[in-house]
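Here is a friendly walk through one multi-chain model, with the cut-offs spelled out along the way. Take a look at the sequence and structure, then read on.

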Amino acid sequence: MAVTESIRLEVARYRPGQDAEPVFASYEVPLMPDWAVLDGLTYVKDRLDGTLSFRWSCRMGICGSCGMTVNGEPRLTCGTFLTEYGDGPVRIEPLKGFPVIRDLVVDIEDFLAKLSSVRPWLVREGEELPLTAEYAQTPAQLDAYKQYSMCINCMLCYSACPVYVLDPDFLGPAAIALAQRYNLDSRDMDDRFDVLSQEDAVWGCTFVGECTNACPKHVDPAEAIQRYKLTAALRSVLPWSRR
Amino acid sequence: MTAPYVRGRDRLWFARSRRYTIFVLRELTSVFVAWTVAYLLLMIAALTGGGYAGFVALAGQPWMIAVNVVALAATCFHAITFLNLAPKATVVRLDGWRVPAWMIQGGNHSAWLLVSAVVAYVVLRSP
Amino acid sequence: MRRVLEPYLWLLFSGGGVVAALLLPVLVLLFGVLMPLGVLDWPSAAHLAGALEPLPVRVALVAVVALCLFHAAHRIRHTSEELLGLARFDLPIAVVCYGGALGGAAVAAWLLW
Amino acid sequence: MIDVLIVGGGGAGLRAALAVAETDPSLTVAVLSKVYPMRSHTVSAEGGAAAVIGAGDSLDEHCYDTISGGDWLCDQDAVEAFVAEAPRELIQLEHWGCPWSREPDGRVAVRPFGGMKRQRTWYAADKTGFHLLHTLFQTTLKYPDIVRYDEWYVTQLIVDDGRVHGVVAVEMRTGRVEAIPARTVILATGGCGRAFPFTTNATIKTGDGMALAYRAGAPLKDMEFVQYHPTGLPFTGILITEAARAEGGWLINKDGYRYLQDYDLGRPTPAPKLRSMELGPRDRLSQAFVHEQRKGRTADTPYGPVVYLDLRHLGEDKIDARIPFVRELCRSYQNLDPATDLIPVRPVVHYMMGGVHTDLDGATPVAGLYAAGETACVSINGANRLGSNSLSEILVFGRRAGTAAAEFARTHREGEPPAVRSQGDDERRRLTRAREGRANGERVAVLREEMQHTLEGAAGIYRGGDVLAKAADTLAELCERALKARADDTSAVFNTEMINLLELRAMLDVARTIVACALNRQESRGAHQRTDFPVRDDGAFLAHSLVHRAPDGTPSVGLLPVTITRWPPGERVYGRD
Ligand SMILES: Cc1cc2nc3c(=O)[nH]c(=O)nc-3n(C[C@H](O)[C@H](O)[C@H](O)COP(=O)(O)OP(=O)(O)OC[C@H]3O[C@@H](n4cnc5c(N)ncnc54)[C@H](O)[C@@H]3O)c2cc1C
Ligand code: SF4
Ligand code: F3S
Ligand code: FES
């Protein structure tokens, strides 16, 4: 396709050992009608500056690796199009709230530790079915947790949540939504009360609701959290009422 | 040498996006909730301790009216946002069908109107 | 210790939020705006005092005051910490906020009896 | 010392890790991956995973569909083992929490799929791979003893005396190069679609594992068989899953005509018919596209000729219930709504039937080295894989490789040989030198694009002998040029330019084997169609291609007989009962 126009990308660069803090570099890339921000970045890497580092993989919004801050908002760069920004410039920074390893690459270890901490697996007690039969689950029972199983671990919700950005100990939206994904699964027998009903877990959330706005997969973590608050509160008032 | 960069605290985070600002405003309505309660307590004190006339005079001061107009706006804002958010915590399922949020919200707002009408009636009905 | 309290505080906060939403706007509208502006006439002191007379009304009023103040206290606690970055002073802030709410409720009870 | 070191955190790698962790907790198992496991490409799989469950289906029928789909190049003992174990694996996933779509009575639901005579494809809406991978990943978190090396890139296998002893890998975050000793290594590194310019594959699919094994002396098998999927979105190559056709979608040319009826795939019926028309096998559908194009019946777009996938008659409700991701992808990436618009599609490189030669337990000829998943070639896919067999394959053979490697590690307890250190040191020196930078030289992207276009031109849907021969030379020359590629990034921390260069070299090795095997196979079979040898030749080529790396780096191709148990080679019949 003939290049008609171009758009300026202002990209945050941080080279440890070289920069004390991030600096912006400017690149001029073609403004193609179907280019995502990620296409702009790969253009930079392939033709203009091979030293730019960023993560991406699937380029179809499912692997969760390409989250960045685009003009101040947390976005999946493979699903955000350059044309959205008209004449530009487009400012691309790493996801807010996470330590920056280099350029647009952030440290996600703490996030992964949080995911693991909520016991994100099916907890069962007693006899298991043999591997010849499945546990029955009706479409309605599937529906009860399906939405919370859609999380791609892109961390946009953490970046959008002021509570997390101010206090990195906050368990945060995706981890709580993941816990609820299992809590609400008819095959699961746990309620994860010990991890979730904590000051730094559901009670840390002040219902800003930005997590839900930022989520590209409509997981609605804000809802997951508020629902668990109610569950946990009722369980505290009525200690014998588990789930 | 390879230390990651950790951004410092952003003191003006609430000004970074319109939605953050709205959130903070929503939370700050609580100050006016407290104020409204205090104002009503003042009135009760005037009623029980005698001095109702003094209270009426105070309430008529322009600055007081101004404060209360703001309090009215704030408590309305509180009511709208709070009643709208309620369905998030309470997912109602009937026979596997999830009652949509707007229905719950609609119910909440109707309740608000009803309660307001009852209160107004009790206060204003001729003695 | 406070960890155990959090769910109860949240229930009070939520209950207070609902009560405040349902009752306060109409009350400020009447007593704070319309009557002072003269759009409506102030009811007589006797009428109002009469309305406050029944015991259930007084109990309910104290509850309303307590819940609304708890609601406010909870939000003020969290917002001040988020807005001003005071999370490390959570304990004293919480004491002041919830203490204030309890105090307000006590004043209400004292006034009504 | 690690007992089982798994390279790759996709479906195959994680299944292998769980197999070890669940059966023998005394063994140490590690998963090393160049991306965090849940980013692995398995996450993109949409349509489903095949296994016999329903009444009216049988193992033999699944075998037959697979073998005829693979144009009789499958090893039938492998297919039988695969088909027999697949149901167990999918139920195991269910027990681990996978949100399979369900029937009203609570049982797992199945859908039809291309080339399958019965409905046996399990699905989780149209995000099957996503749910499968996340279920596996989250289940591994239950086992804190599974050590993870996240964002480590393996550059070399340590092999001494015909036996593997570990790997050399770079920790991307620090640039540290380490020799990691291990009793066994399982390669689960996925496919190599990125060697082609237009592919459904994620950017990480660069054939690293195939290249690692090949350089370490393990042969690759059936590399000429590259699957083109008939329905990719023009510019991006993003896949529109076969499930869209299984749910009733039609393929039409620019005149609105369901052209598949002209290519011996059956007659159009309003409802989808199994093993017929749009539910024919992928190789035949992609070939039909090329013929339509030659007849001038495709439409032109800035990104090449297309036909259309028509889902409009399915209606919004069915689309949202069964294939919501298709709608999401079309809206985001193509700016159209399949409920009201036609989806432009064209064939796109999708899957590698070939890979590291293994036996039924994933063992390669190098002792202690195993391979599973798309990177391996156990030979259940033959000359053309059937859609939805791959997700089941990565589970069945991931588990088998894990179990076999664990057994090997239990019985081979000798210590670390000196080779680990010396090979580690050598590789470290090489990689450190690579980071010193080179200002003159060609950019990685330039070389990569040249490789991709060479490969597409020579090893596309139809291939010819002379073009292939020329491509072999071009690729050899590109290998030389890649040694002198430009390197601007001298940083140790997250140096993706260096990783991209290493990936390019892997793809070049793989590309050369693809071309060499394609050149050697003078017949047409499944996904390998030679214009100069247009028919199948069972006399000479009912055999696998086996390619070794000669000392000078050139591929040397031989043949290996196919295992036939109960299904003698026959005609592939679709749409005719
Ligand atoms: C878009 C799409 C849709 C598909 N849909 C279906 C479907 O519906 N049904 C079906 O059956 N099949 C489908 N497939 C095919 C199937 O998804 C894949 O074949 C399968 O997921 C491969 O899994 P894997 O575990 O072998 O590899 P992958 O999931 O690709 O994992 C490879 C792993 O190896 C790691 N790795 C690679 N190289 C290195 C290195 N040098 N060092 C360290 N780590 C490394 C990567 O980080 C990654 O973790 C689809 C494929 C695509 C592209
Ligand atoms: S909840 Fe949404 S925003 Fe958060 S990590 Fe998951 S997909 Fe991303
Ligand atoms: S933005 Fe944060 S405060 Fe709660 S509702 Fe979402 S987690
Ligand atoms: S690249 Fe995978 S989500 Fe964007």
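Pro89(A) sits in the loop between β4 (73–76) and β5 (90–93) of chain A; helices (H or I, at least four residues) and strands (E, at least two) are DSSP runs, numbered from the N terminus. The peptide bond that joins Gly88(A) and Pro89(A) is cis, with omega at about -5 degrees. Before going further, please note that this is a predicted model, where local features need pLDDT of at least 70, side-chain atom pairs count only at pLDDT 80 or more, and totals for chains, interfaces and linings use all residues. Residues are numbered from 1 along each chain as its sequence is written, chains are lettered from A and ligands numbered from 1 in the order in which they are written, and side-chain values use heavy atoms, with hydrogens and water left out.

Most residues other than glycine have a negative phi, and most peptide bonds are trans. Arg59(A), not a glycine, has a positive phi of about 50 degrees. Its place is the loop between α1 (37–48) and β3 (67–70) of chain A. Arg59(A) is buried, with a relative accessible area of 9%; buried means under 20% relative accessible area, exposed over 50%, and partly exposed in between (1.4 Å probe, protein chains only). Asn153(A) also has a positive phi, near 60 degrees, and belongs to the loop between α3 and α4 (156–160) of chain A. At 3% relative accessibility, Asn153(A) counts as buried.

## Two ligand shells

Asn153(A) turns up again around ligand 2, in a shell that also includes Cys151(A), Cys154(A), Cys157(A) and Cys215(A); a residue is near a molecule or strand if one of its heavy atoms lies within 4 Å of it. By class, this shell around ligand 2 has 10 nonpolar, 1 polar and no charged residues. Here Ala, Val, Leu, Ile, Met, Phe, Trp, Tyr, Cys and Pro count as nonpolar, Asp, Glu, Lys and Arg as charged, and the others, Gly among them, as polar.

Which residues surround ligand 3? Among them are Cys161(A), Cys205(A), Thr206(A), Gly209(A), Glu210(A) and Cys211(A). Helices α8 (210–214) and α9 (221–237) of chain A are the elements that give two or more residues to the shell around ligand 3. That shell has 9 nonpolar, 2 polar and 1 charged residues.

## Where the chains meet

Of the 5 pairs of chains in contact, chains A and D share the most contacts, where contact means heavy atoms within 4.5 Å. Chain C and chain D do not touch, and their nearest C-alpha atoms are 27 Å apart.

Helix α3 (residues 139–146) of chain A has Leu142(A), Ala144(A), Tyr145(A) and Lys146(A) buried. What covers the buried residues of α3(A) includes α6 (173–183) of chain A, β1 (93–94) of chain B and α4 (128–140) of chain D.

## Helices of chains B and C

In chain B, the axes of helix α1 (residues 18–49) and helix α2 (residues 52–60) come within 8 Å and cross at roughly 150 degrees. Axes are lines fitted to C-alpha atoms, for helices over the stretch in contact, and angles run from 0 to 180 degrees between N-to-C directions. α1(B) and α2(B) are therefore roughly antiparallel to each other; angles under 35 degrees count as roughly parallel, over 145 as roughly antiparallel, 65 to 115 as roughly perpendicular and the rest as oblique. On the α1(B) side the contact is made by Tyr39(B), Leu42(B), Met43(B), Ala46(B) and Leu47(B), and on the α2(B) side by Tyr52(B), Phe55(B) and Ala59(B). By class, this contact of α1(B) with α2(B) has 8 nonpolar, no polar and no charged residues.

An unreviewed UniProt entry places the feature "transmembrane region" at residues 32–58, 65–86 and 106–124 of chain B; UniProt positions are given in the numbering used here, feature names are shortened, and annotations may be inferred rather than shown by experiment. Residues 32–58 of chain B are 93% helix and 0% strand, with end C-alpha atoms 18 Å apart. For chain C, UniProt (unreviewed entry) lists "transmembrane region" at residues 7–35, 55–73 and 93–112. Residues 55–73 of chain C are 100% helix and 0% strand, and their end C-alpha atoms are 27 Å apart.

## A buried alanine in chain D

Ala511(D) lies in helix α14 (residues 496–520) of chain D and is buried, with a relative accessible area of 0%. Not counting residues up to four places away in sequence, Ala511(D) touches Met451(D), Leu455(D) and Leu475(D).
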